[in-house]
Amino acid sequence: MGQQTIVIKLGTSVLTAGDIHLNKPRMVELVRQCAALKRQGHQIVLVSSGAVAAGRSQLTQSVGDSISEKQMLAAIGQGQLIHLWQTLFALYDIPVAQMLLTRADVEHRERYLTARDTLTQLLRHQVIPIINENDAVATTEIKVGDNDNLSAMVAILANANKLVLLTDQVGLFTADPRTNPQAELISQVHRIDDELRALAGDSGTSLGTGGMATKLQAADIAQRAGIETVIAKGSETDIILKIMSKEALSTTFMRFDAPVEGRKKWLLSAPKSTGSVIIDNGACLAIAQQGASLLAKGVVGVSGSFVRGDLITVTNTQGQAVAKGLCGFSERELDTIKGCHSLDIASALGYKASSVVIHRDDMVLL
């Protein structure tokens, strides 16, 4: 394959080599591999954890684990982290740029487009964007919460070909390899199902916030956007280069053949839904197989709280999510008109309103 845009997510456990401080020799190795890919003509975007670890190494006294203390460490460490990356990439005459994002930057269409334009310009000028969540100011409501899901959103923003999640695990196994010697590496995944999610369990480390479960969520988002995702062990020699030459021990999540474009990619990258509607089997078939918009007639239930224009989840009667989209009604309006024929909506509400619940152009199938 020719020149590609590759998003590489570096977990805290990779950057610290299992310690509580950043491991500079490890970071030098990763930079060397990125420089080699740049020479081959590839575009690189890094999603880098490690701000809290960098902040911790700047203080002589010990610091606890409360939210405010971690935000303090992130505020101290963010500058240190980007300075270190800058110094290391300068060895190869590669300029870098820092981008700090929160969920709000991805969820609001205008901010999403601004972030995308900035990213596009950086890549066009051969700069490596180094992206992290804005931990120093992000509250629970606006946090993505983990850099795995952030990296999937960034991969969509960058229109990437590949998402590489480097961690302390070789990949996804049939059982926990730390406790079960019979565990086998799953080298390829075509579709993420409940069985696979159960396997992922909660295999996190004490250093980072992302276990294997969040990596599956990230791979799921990326797959649907037409991006191949690879989970591999960051401490392996030349791991990034081996992934590119398909020689790495890893788990690869194959991309779906029909990547969705523009607006629909944005819908995919904003996973936080404010509410949901339950639809009947007829409506499920209509939106999945006939490319139809969602009509009030097919809605059988409404839950959560949302207003007109909010992103909501569409589930079937078995509780499975089948789509996400921008709703044309509030939850109160939708509760009033559920099951109604489109022609009867205005009289049911007492005022003129949209004839569709979610327009096809504002909906992405899951």
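**Figure 1. Strand β9 and its burial in the predicted model.** In this predicted model, strand β9 is largely enclosed by the rest of the structure, because four of its five residues are buried. Burial here stands for a relative accessible area under 20%. Strand β9 comprises residues 275-279 and runs antiparallel to β10, to which five bridges join it. Glycine 275 has glycine 304 of β10 as its bridge partner, and valine 277 stands opposite valine 302 in β10. Strand β11 (residues 311-315) pairs with β9 in the parallel sense, over three bridges. In β11, the residue opposite valine 277 is valine 314.

Figure 2. Strands of a sheet pair through backbone hydrogen bonds, in either a parallel or an antiparallel manner.

Figure 3. The protein is divided into domain 1 (5-257) and domain 2 (263-365). The centres of domain 1 and domain 2, taken over C-alpha atoms, are separated by 34 Å. The largest nonpolar core has 47 residues, of which Val7, Leu101, Ile131, Val154, Leu163, Leu196 and Phe253 touch the most other members. Elements that each supply at least two residues of this core include β2, β3 (96-101), α6 (109-124), α8 (194-200) and α11 (262-269). Helix α7 gives the most to this core, with seven residues. Both domain 1 and domain 2 give residues to this core, so the core lies between them.

Figure 4. Valine 154 is one of the residues that touch the most other members of the largest nonpolar core. Not counting residues up to four places away in sequence, valine 154 touches Val7, Val45, Val47, Leu101, Leu119 and Ile131. In soluble globular proteins, nonpolar side chains tend to be buried together.

Figure 5. An unreviewed UniProt entry lists Ser49, Asp135 and Asn147 under "binding site". Serine 49 lies in the loop that connects β2 (43-48) and α3 (51-56). With a relative accessibility of 8%, serine 49 counts as buried. Leaving out residues up to four places away in sequence, serine 49 touches Lys9, Leu10, Gly11, Thr12, Leu15, Leu81, Asn132 and Asn147. One of these contacts, Asn147, is also listed with Ser49 in the UniProt annotation.

Figure 6. Threonine 214 is found in helix α9, which spans residues 212-224. Threonine 214 is buried, with a relative accessible area of 13%. Apart from neighbours within four places in sequence, threonine 214 is in contact with Asp146, Asp148 and Asn149.

**Figure 7. Two loop residues with positive phi.** Most residues other than glycine have a negative phi. Asparagine 159 has a positive phi of about 55° although it is not a glycine. The loop between α7 (147-157) and β5 (162-167) holds asparagine 159. Lysine 246, likewise a residue other than glycine, has a positive phi near 60°. Lysine 246 is placed in the loop between α10 (239-244) and β8 (250-253). At 63% relative accessibility, lysine 246 counts as exposed.

Conventions. Residues numbered from 1 in each chain as written. Predicted model: local features only at pLDDT ≥ 70, side-chain atom pairs only at ≥ 80, totals over all residues. Heavy atoms only, no water. UniProt positions renumbered as here; feature names shortened; annotations may be inferred. Buried < 20%, exposed > 50% of the residue type's maximum accessible area, 1.4 Å probe, protein only. Contact = heavy atoms within 4.5 Å. Pairing = 2+ DSSP bridges. Core = buried A, V, L, I, M, F, W, Y, C linked by side-chain atoms within 4.5 Å. Domains from an automatic or database assignment.
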